[in-house]
Amino acid sequence: MDIFWKSSAGILVSLVLIITLSKQERDISTILSIAVCSMVGITAINVFEPVVDFLYEVCFLVSAERNLIKTLLQITGIALVSEFVGILCTDAGSTSLGKSIHLLSATVMLYQSVPILQGMLDMIREILGGL
């Protein structure tokens with residue numbers, strides 16, 4: 001949680017610098033904004049790493065397939081990246097591109113989740129067949 005507060009403080013300081021610089025040096029403020037976004041992304045990945053380790057441990061304990069965790073992580077990654085790209089598109093003034101990436105990501109996530117849904121359907125059939 002400490003890393004969140006430090007990152008938030010850094011983002012606020014960067015925001016003040018970006019607003020100040022954007023009036024005089026538009027290029028420098030854009031580069032600073034991209035650099036801060038990249039650092040936040042790297043921080044988010046580092047924070048997410050223990051979660052991935054935990055999911056693999058749970059997968060091992062319940063004897064689930066590793067593909068299940070892999071698929072869930074892919075879906076999560078698609079959601080995070082599409083949100084990030086959508087925000088960038090909206091901030092750049094292209095709201096339609098931002099909405100398009102959200103539509104595309106929703107479709108891809110649904111496609112990625114089909115094996116999980118198929119597995120759930122098979123389990124339901126097995127349970128109902130056993131009654």
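Trp5 counts as exposed because its relative accessibility is 53%, where exposed means over 50% relative accessible area, buried under 20% and partly exposed in between, with a 1.4 Å probe and protein chains only. This is a predicted model, in which local features need pLDDT of at least 70 and side-chain atom pairs count only at pLDDT 80 or more, while totals for chains, interfaces and linings use all residues. Residues are numbered from 1 along each chain as its sequence is written, and side-chain values use heavy atoms, with hydrogens and water left out.

**Around Trp5**

- The count of aromatic pairs comes to one; rings of Phe, Tyr and Trp (its six-membered ring) pair if their centres lie within 6.5 Å, and planes under 30 degrees apart count as stacked, over 60 as edge-to-face and the rest as tilted.
- Phe4 and Trp5 form an edge-to-face pair, because their ring planes meet at 70° with the centres 5.0 Å apart.
- Phe4 itself counts as partly exposed, at 44% relative accessibility.
- From Trp5 to Thr20 is 15 residues in sequence and 23 Å in space, C-alpha to C-alpha.

- Thr20 is found in helix H1; helices (H or I, at least four residues) and strands (E, at least two) are DSSP runs, numbered from the N terminus.
- With a relative accessible area of 49%, Thr20 is partly exposed.
- Lys6 also lies in helix H1, and Lys6 is exposed with a relative accessible area of 57%.
- Between the C-alpha atoms of Lys6 and Ser94 there are 31 Å, for residues 88 apart along the chain.
- Gln24 sits in the loop between H1 and H2 and counts as exposed at 67% relative accessibility.
- Gln24 and Leu117 are 53 Å apart in space, C-alpha to C-alpha, and 93 residues apart in sequence.

**Ser29 in helix H2**

- Ser29 belongs to helix H2 and counts as buried, at 2% relative accessibility.
- Leaving out residues up to four places away in sequence, Ser29 touches Ile18, Leu21 and Ser22, where contact means heavy atoms within 4.5 Å.

**The largest pocket**

- The largest pocket has a volume of about 1100 Å³.
- Of its 29 lining residues, Cys37, Ser38, Gly41, Phe84 and Leu88 are the closest to the centre.
- Helix H1 (2-22), helix H2 (26-61) and helix H3 (66-91) are the elements that give two or more residues to the lining, and H2 supplies the largest share, 16 residues.
- For the search, a 1 Å grid over the protein atoms alone is used: a cavity is a set of points where a 1.4 Å probe fits but cannot get out, a pocket is an open set with protein on both sides within 12 Å along at least five of seven lines, and lining residues have an atom within 4 Å of a point.
- The lining has 17 nonpolar, eight polar and four charged residues; Ala, Val, Leu, Ile, Met, Phe, Trp, Tyr, Cys and Pro count as nonpolar, Asp, Glu, Lys and Arg as charged, and the others, Gly among them, as polar.

**Confidence**

- The protein has a mean pLDDT of 84, with 94% of its residues at 70 or more; pLDDT is the predictor's confidence in each residue, from 0 to 100.
- Confidence is lowest in H2, at a mean of 82, and highest in helix H4 (residues 95-129), at 89.

Note on methods. Points joined across faces, edges and corners; volume = space filled by probe spheres on them.
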